[in-house]
Amino acid sequence: MVNFKVNDLKKMNESLREFAEYLRSQSVAEEDIFASRLVSCELISNVIIHSGKTAEFCGELSGGGITVTVTAGDFKDVELNPSLPSVFAESGRGMYIVNCICGGDMVRLSNGLKVFIKSCKKEERN
């Protein structure tokens, strides 16, 4: 499990490297690491950009996949199953991407979101 707090987008990338290394150490496939990083970036960015707060991140392997929890954000008005927004929309693309990657497996928390990304270990793919 990897936990961190971040309030700067540049520091977010540094912090997510540790999460990626943790997943690699557990033999998670690179495409699943990429997906978890994309989801994490979208959720953390939403907290930092839209609420101006410090995002609290928790990432772990659980139940055949990767669980990413990002708290300290106001996700109350976020649609959990968003439709594809217009290419000219000012917002909504990030949550659409998150929803597609996690197949709708998102849970709204009182102060954030928890998403589950199905994953296969490298050796299970062969």
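Reader: Which pattern does the protein chain follow when read along the sequence?

Author: The model is a predicted one. Its protein chain has four helices and five strands. Read along the sequence, these elements give the pattern β-α-α-β-β-α-β-β-α.

Reader: Among contacts between residues at least 6 apart in sequence, what percentage join residues at least 24 apart?

Author: The protein chain holds 126 residues, and buried residues make up 44% of them. Among contacts between residues at least 6 apart in sequence, the share that joins residues at least 24 apart is 64%.

Reader: Are helices α1 and α2 roughly parallel or roughly antiparallel to each other?

Author: Helix α1 covers residues 9–25 and helix α2 covers residues 30–51, and their axes lie 10 Å apart. The two helices pack at an angle of about 150°. Angles over 145 degrees count as roughly antiparallel. Therefore the relation of α1 to α2 is roughly antiparallel.

Reader: Is the crossing of α1 and α2 left-handed or right-handed, and how many nonpolar residues does their contact hold?

Author: The crossing of α1 and α2 is right-handed. On the side of α1 the contact includes Leu 16, Phe 19 and Leu 23, and on the side of α2 it includes Ile 33, Ile 44 and Ile 48. Four residues of this contact are polar and four are charged, while the number of nonpolar ones is 11.

Reader: In which crossing, left-handed or right-handed, does α2 pass α3?

Author: Helices α2 and α3 pack at an angle of about 145°, with their axes 10 Å apart. Ala 35, Leu 38, Val 39, Glu 42, Leu 43 and Asn 46 in α2 meet Gly 94, Met 95, Ile 97, Val 98 and Ile 101 in α3. The residues of this contact are eight nonpolar, two polar and one charged. The crossing in which α2 passes α3 is left-handed.

Reader: Which residues is Ile 44 in contact with, leaving aside its neighbours within four places in sequence?

Author: Ile 44 is one of the core residues that touch the most other members. It also takes part in the contact of α2 with α1. Leaving aside neighbours within four places in sequence, the contacts of Ile 44 are Phe 4, Val 6, Met 12, Leu 16, Ala 55, Phe 57 and Val 70.

Reader: Is Phe 4 buried or exposed?

Author: Phe 4 is found in strand β1. Beyond four places in sequence, Phe 4 touches Ser 15, Leu 16, Ile 44, Ala 55, Glu 56 and Phe 57. Its relative accessible area is 11%, and the limit for a buried residue is under 20%. Phe 4 is therefore buried.

Reader: Is Lys 118 buried or exposed?

Author: Lys 118 is found in strand β5. Not counting residues up to four places away in sequence, Lys 118 touches Asp 32, Gly 64 and Gly 65. Its relative accessible area is 68%, and a residue over 50% counts as exposed. Lys 118 is therefore exposed.

Reader: What relative accessible area does Tyr 96 have?

Author: Tyr 96 lies in helix α3. Its C-alpha atom is separated by 10.0 Å from that of Glu 42, a residue 54 places away along the chain. Tyr 96 counts as partly exposed, and its relative accessible area is 24%.

Reader: What value is phi of Ser 27 near?

Author: Ser 27 is found in the loop between α1 and α2. At 25% relative accessibility, this residue counts as partly exposed. The phi of Ser 27 is positive, in a residue other than glycine, and lies near 65°.

Methods
Residues numbered from 1 in each chain as written. Predicted model: local features only at pLDDT ≥ 70, side-chain atom pairs only at ≥ 80, totals over all residues. Heavy atoms only, no water. Axes fitted to C-alpha atoms, helices over the stretch in contact; angles between N-to-C directions. Parallel < 35°, antiparallel > 145°, perpendicular 65-115°, else oblique. Left-handed = near helix turned anticlockwise from the far one by under 90°. Contact = heavy atoms within 4.5 Å. Nonpolar A, V, L, I, M, F, W, Y, C, P; charged D, E, K, R; others polar. Core = buried A, V, L, I, M, F, W, Y, C linked by side-chain atoms within 4.5 Å. Buried < 20%, exposed > 50% of the residue type's maximum accessible area, 1.4 Å probe, protein only.
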